[in-house]
Amino acid sequence: MPLDGADKAAARRAARAIDALRRGWPIGVEAGGERLNLLPVETADLEAALPSSGTISLIISASRAATLKLLNQFAAADPNLPIQISLPAPLTAAEIIAIVDPVLDMRYPMKGPFRSEALSNAPAATAAMDLARHGGLLPAFVLVDSAEDITRAEDAAAFADADALIISAHARLPVAANSEAHIYGFRSDADATDHIALVVGKRDSSTPIVRLHSECLTGDVLGSLKCDCGPQLHAALEQMSEATWGVLLYLRQEGRGIGLINKLRAYALQDQGFDTVDANQRLGFAIDARDFSIAARMLDLLNVPKIKLLTNNPEKVEGLEACGVTVEERLPVKIAANPHNEFYLDTKRDRTGHKL
Ligand SMILES: Nc1nc2c(ncn2[C@@H]2O[C@H](COP(=O)(O)OP(=O)(O)OP(=O)(O)O)[C@@H](O)[C@H]2O)c(=O)[nH]1
Ligand SMILES: [Zn+2]
């Protein structure tokens, strides 16, 4: 259902803030009557914005602070809170980027020592990290004096509200796995991400096989051997075709919700020896930032209350059940490993509880 007036205003403020971040403009984030004005390090014209004297304060993620070995007395209260550090000006853009971007750590290993400081507005800083993730940006900011695009810490919740999704288009779409298939396009008035469902085969009263597939441009389109996404996608469509019917939910949650560019940064970290879990964390993100309530809402709109879920990931089962979907059965997805994804598949099994 479309958002109501207040939620619409909140989603709009969040959307404007995310758009500003992607353009390198500062945003103001309000919480508790106070505002933090934040310039995104990744996209901003830092040279133009940085002062030549005084101090420069940065807001970085807790995990980035851990990598920088910042002894933090404030982190003890909540180890997930972002951290503020202040450095004497002047600093070049390259120096700031080297502090915040973990991919550059091998090239610039000597940094600091830095000292962490109490966050003046922890809820606003935390919300800013989330807005950066929604924008697919590195979560790191320079504190500045002013900003034109103002959002509130709680606005991102309305922006990401799965209930706002509706079915916007529907058509027949014969695919290689099955000429009897229908595609549904989902859209929300909160966020610009379009999701897709493919209903494969002839729908009847039996419980369908469902696959939640998170977008993976490298695997789905380019045939990347680093993951198992492409083969899983095609195997799922074949399996649905062999059963009576099935539903593929193609969720636009690239890189487990951190976005394509951040996933490529995670791959660069994997080239340096970190696994998929550590790479996400070093970038300042959760191991899995996906929101499965979107999938539950899509199933609801398709009138599919009961499913057999094709997955090795118990969190998908729990995430859907928490949103009211009945998962009658979990069907494992078995894909032969290759030398490039063997370690990734082992990491999913050993560190994120994937089962076969
Ligand atoms: N951040 C990050 N994302 C990755 C990496 N490798 C693959 N992905 C993303 O992971 C998602 C694929 O996950 P899925 O196959 O849907 O789910 P899963 O958690 O592996 O569980 P299954 O249902 O068992 O496949 C896609 O969005 C990929 O882009 C990686 O190394 N880092
Ligand atoms: Zn993939």
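N303 sits in the loop that links helix 12 to strand 13 (306-310); helices (H or I, at least four residues) and strands (E, at least two) are DSSP runs, numbered from the N terminus. Keep in mind that this is a predicted model: local features need pLDDT of at least 70, side-chain atom pairs count only at pLDDT 80 or more, and totals for chains, interfaces and linings use all residues. Residues are numbered from 1 along each chain as its sequence is written, while chains are lettered from A and ligands numbered from 1 in the order in which they are written.

**Around helix 12**
- N303 isn't a glycine, yet its phi is positive, near 60°.
- N303 is exposed, with 7 other C-beta atoms within 10 Å (exposed means 12 or fewer, buried 20 or more, partly exposed in between, with C-beta atoms placed from the backbone).
- Helix 12 itself (residues 293-301) has buried residues, including I294, M298 and L299.

**Other backbone spots**
- K69, in the loop between helix 3 (62-67) and strand 4, has a positive phi of about 55° without being a glycine.
- K69 counts as exposed, having 11 C-beta neighbours inside 10 Å.
- A89 and P90 are joined by a cis peptide bond, with omega about 0°.
- You'll find P90 in the loop between strand 4 (83-88) and helix 4 (93-100).

**Ligand 1**
- Ligand 1 is surrounded by 23 residues (C-beta atom, placed from the backbone, within 6 Å), and S214, C216, T311, N312 and N313 are the closest.
- Helix 9 gives the most to this shell, with 3 residues.
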